[in-house]
Amino acid sequence: MIAGLLHTVPALAPTFDALVAEAVPSAQREHVVDAWMLETAIAEGVTSAVRERVASHLRHLAESGADAVLVTCSSIGEAAEDAAADLDIPVIRVDAPMAAEAARAAGRAGTDRARIAVLATNTATLGPTTRLIQREAAAQGVDAVVTATVVEGAARARAVGDQDTHDRLIAEAVRKAAVASGGEEPAVVLVLAQASMAHAAESAGVDIPVLTSPAGGVARLVEALTPSDPGTPAASADRRASPGSDGTSRGKAPTS
């Protein structure tokens, strides 16, 4: 079997490669890395050119024999869902399992309008991840408020190679979001929107769930690659993404 992975952050390719290799040792792994897509999404938004590039990369992976594709960038997740309609393999948003778990955590909180706090290091990710969580909460019947904040300075620190400052700023933002401030209720669950933020969660030291995307995204990829394994749900790999489908898209086969 072949696992396809589409990245916009070159440094994350080895991380996901190792996660997939550990989870499915028998799978071949094919990576496509295109930093331009994220750079453009940050500067201009997810433009038609970005959407076309996402679709082109997904077609390439499908034509190369990938049995399923994990899109590891949250900023292009909606574009990936749209492009998946023309493919006959599962296309998985890395933040989809995280969004589903955030909605479940809010539902378990037992409070009206439970707050889900989303933290990101760039504005391009806030919209796609927030909308995904809102969609999932609605599908689960959970009454939640989703707030979104950019961790100022974190992206700049990472860009110059200062990982310690990047992680410190994120950990500080996590601790701040976990308590009541500015008239807001404390968050019942925190979502770190970018896969690159996952490491910082370890040092936050808060008492509420802090959700990150890499492990859940890879787990969903494994489900799509091995749907016949006992105990492995595959329903989300068999339909076009819709509210409650956890972001796994599978469209009809091309009819050219």
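Student: Why does serine 213 count as buried?

Tutor: The model is predicted, so local features need pLDDT of at least 70 and side-chain atom pairs count only at pLDDT 80 or more, while totals for chains, interfaces and linings use all residues. Residues are numbered from 1 along each chain as its sequence is written, and side-chain values use heavy atoms, with hydrogens and water left out.

Serine 213 counts as buried because its relative accessibility is 1%, where buried means under 20% relative accessible area, exposed over 50% and partly exposed in between, with a 1.4 Å probe and protein chains only. Its place is the loop between β8 (210–211) and α9 (214–225); helices (H or I, at least four residues) and strands (E, at least two) are DSSP runs numbered from the N terminus. Leaving aside residues up to four places away in sequence, serine 213 touches Val94, Asp95, Met98, Gln194 and Ala195, contact meaning heavy atoms within 4.5 Å.

Turning to the strand, β1 (residues 2–7) is mostly covered, with 6 of its 6 residues buried. In a regular strand the side chains alternate between the two faces of the sheet. Here Ile2, Gly4 and Leu6 point one way from β1, whereas Ala3, Leu5 and His7 point the other way, and all are buried.

Strands pair if DSSP finds at least two bridges between them. β1 runs parallel to β2 (residues 28–33), joined by 6 bridges, with glutamate 30 in β2 as the bridge partner of glycine 4. β1 also runs parallel to β3 (residues 68–71), through 4 bridges, and there leucine 6 has valine 71 as its bridge partner.
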